Each structure stands twice: as structure tokens, then as C-alpha cells.
Amino acid sequence: MEETKEINLREQKSLTATNDFFEERPQYEDSFDADRNVIVRLVAPQKKDAKPYKITGIDDVAAKNNWKAWIYLAPVLILLVVFLLYPLVNTIFIAFLEDYSSITGEFKSVTINNFGVIFGLTTYNGGKEINFVQYAIPNTFLIVILTVPLSTVIALLISVALNKLPFFQKFLQTVFFLPYVTNAIAIGMVFSVIFNQNGVFNFIFGLNPDEFKWIYGATRAAAFVPLCVYIIWSSLPFKILVFLSGLQGIDKQYYNAAKIDGASSGKILWRVTVPLMSPQILYIMVTSFIGAFKEYTSIVGLFNGPGTSNGDYSMYTIVYYVYDNLSTHTSFAAAAAVFLFVVILAFTGLQFMVSKKRVYY
Amino acid sequence: MNENNLKAILVEGLKTPTPESTQKKYIDFAQVKFTQKIVLSLEESGKTVDAIRRNQKIGNIFSTIILYLIIGALALFMIFPFYWMIITSLKFNDEIIASTQTFYPTIIMWSNYVYVFQSFDFTQYLGNTLVVAVFSTLGTLITTIIAAFAFGRLQFKGREALFMVFLMTMMIPGEMMVISNYITVASFGWTGTGQTRLDAYLAMIVPFWISVFYIYLLRQNIKQIPNELYLSSKVDGKSDWTFLWRVVVPLVAPTLISITILKFMGTWNSYVWPNLVTNSPEFRLISNGLRGSAFTDADTGRTSFGYQMAATVLVTVPLFLLFVFFRKYIMRGVGRAGIKG
């Protein structure tokens with residue numbers, strides 16, 4: 001408010017100088033204050049301590065719609081509550097209910113045992129649930145650690161290179177975007193054909209089909225090869241697109257200045273491009289960490305199940321576990337989902353904390 | 001003054017100025033006769049500027065060629081799965097699992113496609129997918145347009161706070177909601193035994209009528225519309241509703257097209273939810289049909305990759321057509337956004 005006053009008094013002064021003639025009833029024109037997007041109108045003070053100005057403009061006109069805005073928002077608000085907010089709270093509740101039935105809604109008691117069961121600490125029906133701790137958690141974290149940094153670096157290098165190309169830039173950009181426009185299940189099936197033991201991958205690299213199995217009958221370590229290749233392949237297009245749009249927004253002056261200073265191209269990439277791209281890199285890191293934590297369809301596409309053979313759960317991920325147990329052991333599924341939620345929140349929070357020092361806007 | 005002199009002066013002038021050399025820093029052009037040919041050449045490790053320039057040019061050409069080779073190889077890696085999908089779909093089954101792989105089909109088996117059309121109920125899944133896609137897209141567009149308009153143009157108490165709540169829901173993994181939504185949809189009577197086609201469609205459509213991300217995207221776009229348009233429509237005595245459909249919607253049409261296409265692609269790719277909420281395969285969508293069908297060879301009883309790949313081609317082609325026609329909108333929408341579906 002202090003600021004407003006100052007501006008207006010200044011205006012008043014300059015206006016009075018030109019309006020000496022109307023000294024008794026000054027008639028000031030409305031002036032537009034572009035900084036605040038308001039129209040400032042100077043008025044003669046009615047009371048002794050009243051402000052000598054009044055702010056009017058677009059905000060005043062629109063403010064009259066107050067209650068109507070809620071009608072516009074009604075459909076979305078209803079959907080938000082029913083399909084987003086209520087489920088969020090409800091899932092957290094279910095995670096603490098023993099043997100919740102998704103059909104009848106009945107449960108035995110309130111418990112924290114669900115978390116104990118999924119982490120393999122306590123028994124359930126006399127047995128222990130080991131798939132979550134043994135497979136789902138390590139697999140999910142492995143996917144995150146293996147694919148996110150690798151695909152981000154590859155995407156960054158490709159987009160820097162693409163940005164330098166004098167010819168066919170648009171065409172190649174489109175080629176690199178193609179994998180985005182595909183059905184995840186369909187392409188997963190294509191990769192499973194490529195990596196099949198008699199498939200083209202073994203053929204190109206001259207590997208013995210009986211020794212090197214990547215899909216059916218593969219060991220857990222071997223199965224990670226096609227999985228990671230597929231995840232990286234399918235995550236590149238989006239990253240390249242975002243990085244390219246970031247690169248095209250960088251002022252050429254920075255590069256010219258770096259060149260004059262005699263910086264090598266490696267140094268330019270690391271000291272100029274990467275810091276200037278840090279907002280895009282942060283965005284990509286956050287979204288791809290979340291995406292990698294939720295890996296599911298790639299596994300269904302590649303392996304047609306949670307493992308490399310029947311009854312095998314070695315390729316389980318957290319989300320796969322959630323979907324597998326959703327209707328039969330809803331409480332466990334909810335507990336696993338809550339665990340995932342906490343992990344994702346923690347990771348995202350961590351990234352934003354790190355980014356405070358490293359991201360330049 | 002001859003050439004050598006000039007060169008000497010120039011080289012001297014470029015050295016760090018010492019009291020003596022500053023004296024001779026500039027060429028005295030008054031002394032240069034116009035008939036003389038002035039050759040200004042700087043030497044760096046015994047090479048003239050021209051030579052250095054030439055070398056740099058050659059180096060640039062070389063590095064560009066290498067760059068193209070690397071990028072080309074990576075581009076091949078990106079399209080290889082598509083190529084392999086198409087040629088496998090046209091191969092004879094024995095050729096697919098042969099120990100020597102061929103990079104082109106020796107016999108073109110159109111019959112794979114015939115088989116797929118007969119056994120894999122492509123038209124049924126396509127019909128389901130189209131119905132779900134059209135209605136969920138329409139619903140999303142309507143809710144998104146009016147909500148984004150309220151957030152972007154209208155004034156009301158708690159607008160910013162409410163918008164923050166919307167944005168925060170984007171951080172929550174969808175898996176949290178799927179569990180409870182499954183229960184909610186069941187309580188509406190849309191799933192379970194005796195599920196009709198309409199029930200299945202409703203279960204697959206209604207929960208996706210809200211997309212916080214698209215509301216955010218459209219709100220940003222609506223905010224860019226100048227105030228003057230709104231004020232002038234007010235002067236003309238138009239209501240907000242008329243302003244929204246007559247002025248705002250045509251102006252943000254490109255964003256709406258992007259949203260429509262991305263939403264369509266999302267439905268085309270959705271797998272988990274349709275699988276959960278439908279009882280029988282006949283209500284499911286294209287991805288479910290693809291992974292759920294066996295594609296076994298009648299003679300051997302083993303999975304026929306030829307049939308399988310023919311089906312994946314059928315599922316991929318419509319997306320490709322969409323991409324060919326709407327590349328600009330897809331890339332723009334994704335670039336600003338980045339969430340599939």
C-alpha cells in the first residue's frame with residue numbers, strides 16, 4: 001500500500017501542475033498501472049483521513065462474478081472429490097484395516113499389521129509374504145537407479161547434438177519422437193520378440209540362444225537387460241522434446257562469449273548448457289523418477305506376467321504388486337500404495353531441496 | 001613501408017603493451033601508398049589465418065559428419081523396433097524362429113493379418129476403444145474448459161488456494177486412487193456380476209472426466225488472452241458464458257486439439273483400469289485384447305509371433321496416422337506438458 005500511495009502522490013503532483021486551472025475540483029484522468037494491472041483513479045478525499053485515490057479496473061469488474069465461478073467449477077469439484085481426494089484418504093484408511101473386503105467393505109480390525117506383512121516382518125495366515133521385499137522393492141529401485149540417470153544423460157546428449165545439426169533437424173527430431181506415439185503393450189511385445197532367445201538380438205551379437213535367455217526362462221539379472229533397454233527407449237522421446245525446447249530458448253550470446261574465452265565444447269556443455277538447462281533437467285528428473293517408480297505396463301508387455309516363467313514373481317514391481325493384490329488382498333495393496341506414495345513424496349522433496357542450490361531460473 | 005614492416009608492427013601491437021610497444025600499436029595509414037598491396041597476415045604456429053580457417057572448416061565438416069553418423073545410428077535404434085514389428089508380422093513362423101535371422105521376409109505372409117482379423121476380435125476392441133475415447137474426451141474437454149475459464153478469468157475468494165489443491169493432486173501417484181476408485185465404481189453398480197455394456201463403458205469413462213493437468217495447461221493459455229477482449233465483451237453486454245464459448249474457445253482451439261489428441265492416445269494405451277473394471281473380454285479395450293489374446297499356432301500350439309506382431313501393427317497404425325496428421329499439436333502439447341493420457 002505504501003508503494004501505491006507514493007506513485008499516486010507523484011502523479012498527483014505532476015497532474016496538478018498541468019491542471020492549475022481546475023484547482024477547486026481537480027479532474028484527473030485514470031491512469032493505467034501496468035505493473036499491477038490496475039487502473040488508478042485519483043479522487044478528491046471525502047473524509048479527512050481517506051486515501052486520495054481509488055483502485056478500480058478489471059479485477060473489480062470480474063469480482064462481481066464471485067458466486068458464478070463456483071457453478072463453473074462444480075463439475076470438476078465433484079469429480080475431484082469423488083475420484084481424487086476421497087480415494088486418497090480412503091486408501092490411506094484401508095492400509096490400516098485388517099482384511100478389508102473390496103466387495104462388502106467389511107474389515108476385522110484397525111491394525112498396522114498390513115505394513116508388517118508386506119515387509120515380510122509378520123506372518124499372514126501362517127505364511128510370510130516375501131514377494132514384496134524380495135522382488136518388488138529391489139526391482140523398483142533398480143529400475144529407477146538404472147534407467148533415470150542413463151536415459152536423462154543420453155537424451156541430453158542427443159538433444160544437444162540434434163540442436164547443432166544444420167540439415168534434417170526437423171526430420172530427425174520427428175524420428176526421435178516416434179516412440180512416444182505408441183502403445184506401450186504393443187511395443188513391449190515387439191521387444192520381447194526381439195529379445196526372444198531365437199530373436200534378432202542374440203543373432204546380431206552372435207550369442208548362443210540356449211545360453212542367453214532374456215525373456216522366457218531368463219534369470220532375473222538377464223531379464224533386466226531388455227527391461228531397461230525398453231524403458232530407456234520409450235522414455236527418450238519425451239525427454240528429448242523437453243530438452244530441445246529448452247535448448248532453443250538459450251540465448252546464442254552465451255555460446256559466443258564462451259567461444260571467445262576459448263572454452264572447449266565439453267566445457268561449454270558442462271558449464272554453459274547444463275546450468276542454463278537446469279529448470280528442464282529438474283522437471284525431467286522429477287517426472288521420470290515418478291514414472292520409473294510406477295513401472296508396470298512395460299513388464300506386462302515384455303513378460304506377459306510378473307516373472308520370466310509361470311509362477312515366477314522375480315519381475316514384480318511395487319505397482320505390479322498393488323494391481324495384483326487389488327481385489328484379493330485390498331489391505332496389502334493399499335499398504336503398498338501408501339508406501340509408494342511416501343517414497344515418491346520423499347524423492348520429489350529431496351530433488352526440490354537439491355535443486356534450490358543447483359537450478360538457475 | 002613494405003609488407004614485412006607492417007607485419008612486424010601488427011604482431012608487436014598484439015603483444016601485451018609495454019611502454020615501447022604501445023608507441024607502435026597502430027599502423028600509420030598515412031604512410032601507406034595506395035598502390036601498395038597490403039597483406040595483413042598473422043602467424044600462429046607457422047600457419048596463416050587462411051590456413052587456420054581452412055583447417056577449422058575441415059574439422060567442422062568432419063565433426064558434423066561424425067555427429068550425423070552417431071545421430072543416424074541412434075535414430076536407427078529408435079525405429080528398429082517398428083521395422084522389426086512390421087517385417088515379423090509378414091514372416092512365415094518358421095522363419096521368425098530360425099537360427100539365421102533375415103532382415104526382410106522371404107515369403108510375404110499376408111495371411112497373418114487375415115488370421116488376426118478372424119481370431120483376434122479387432123473390430124470389437126476398436127469399437128469399445130472408440131466409444132470410450134470419444135466420450136471420455138468430450139467429458140474432459142467440457143469440464144476442463146469451464147474449470148480453466150473459472151481459474152483463469154473469473155475472480156472468487158480462495159481461487160489461488162483451490163488451484164494449489166488442484167496442482168498438489170498431480171503429485172499423487174494414480175495407484176493411490178485406483179484402489180479406492182475400484183471400490184467406488186463397484187458401489188455405483190458399474191462392475192461386478194451382471195455388468196452390462198453400458199456399465200462397463202461408464203466405469204471406463206466417468207472417472208477420467210477430470211484431468212488436473214489439462215486444466216492447468218488450459219488455464220495458462222486462457223490467462224494470455226488480453227483483458228481488453230473480456231472488457232469489450234462486457235461493454236457489449238455479453239455474459240461470461242457467451243464470452244467463454246464465442247471468444248475464449250476459438251482462441252484456445254490449438255490447445256484443445258492437443259488435449260483431444262493426447263486424451264485419445266491415453267485411452268488407446270490404457271490397460272490397467274479397463275482390465276480391472278470389466279468382467280468379460282468383450283467389453284475391454286485394444287491393449288487388453290492385444291495382451292489377452294493367445295495367438296497360438298493351430299499346428300504347434302506355440303505362440304505365433306507372426307500373428308502377434310500382425311496384431312501389434314494393427315494397434316500401432318492408427319496411432320501413427322494420428323501422429324502423421326497432428327504431429328504439430330501432439331509435439332506442442334507434449335512439449336508443454338508431458339503426461340500421457
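**Exercise 1.** How many cavities of 30 Å³ or more does a search of the whole structure find? Describe the lining of the largest cavity by residue and by class.

*Solution.* The model is predicted, and the search of the whole structure finds 1 cavity at the cut-off of 30 Å³ or more. The space in the largest cavity comes to about 60 Å³. From chain A, its lining takes A:Val193, A:Asn196, A:Asn198, A:Gly199 and A:Val200, while chain B supplies B:Trp84, B:Thr88, B:Lys91, B:Ile96, B:Gln101 and B:Phe305. Sorted by class, this lining holds 5 nonpolar, 5 polar and 1 charged residues.

**Exercise 2.** Work out how many residues each chain brings to the contact, and what area is buried between chain B and chain A.

*Solution.* Begin with the residues: 93 come from chain B and 95 from chain A. On the side of chain B, the three residues that supply more than any other three are B:Met78, B:Met176 and B:Arg291, and together they make up 9% of the area that chain B buries against chain A.

**Exercise 3.** Characterise the polar pairing across the interface, and then the make-up of the side of chain B that touches chain A.

*Solution.* Within chain B, helix H3 (residues 49-89) gives the most to the side touching chain A, namely 15 residues. By class, that side of chain B has 65 nonpolar, 20 polar and 8 charged residues.

Definitions and conventions: Residues are numbered from 1 along each chain as its sequence is written. Chains are lettered from A and ligands numbered from 1 in the order in which they are written. This is a predicted model: local features need pLDDT of at least 70, side-chain atom pairs count only at pLDDT 80 or more; totals for chains, interfaces and linings use all residues. Side-chain values use heavy atoms; hydrogens and water are left out. Contact means heavy atoms within 4.5 Å. Buried area is the accessible area (1.4 Å probe) that two parts lose on being put together, summed over both. A polar contact is a pair of N or O atoms within 3.5 Å; within protein, one must be able to donate a hydrogen and the other to accept it, and residues adjacent in sequence count only if both atoms are side-chain atoms. Helices (H or I, at least four residues) and strands (E, at least two) are DSSP runs, numbered from the N terminus. Ala, Val, Leu, Ile, Met, Phe, Trp, Tyr, Cys and Pro count as nonpolar, Asp, Glu, Lys and Arg as charged, and the others, Gly among them, as polar. On a 1 Å grid over the protein atoms alone, a cavity is a set of points where a 1.4 Å probe fits but cannot get out, and a pocket is an open set with protein on both sides within 12 Å along at least five of seven lines; lining residues have an atom within 4 Å of a point. Grid points are joined across faces, edges and corners, and a volume is the space filled by probe spheres set on the points.
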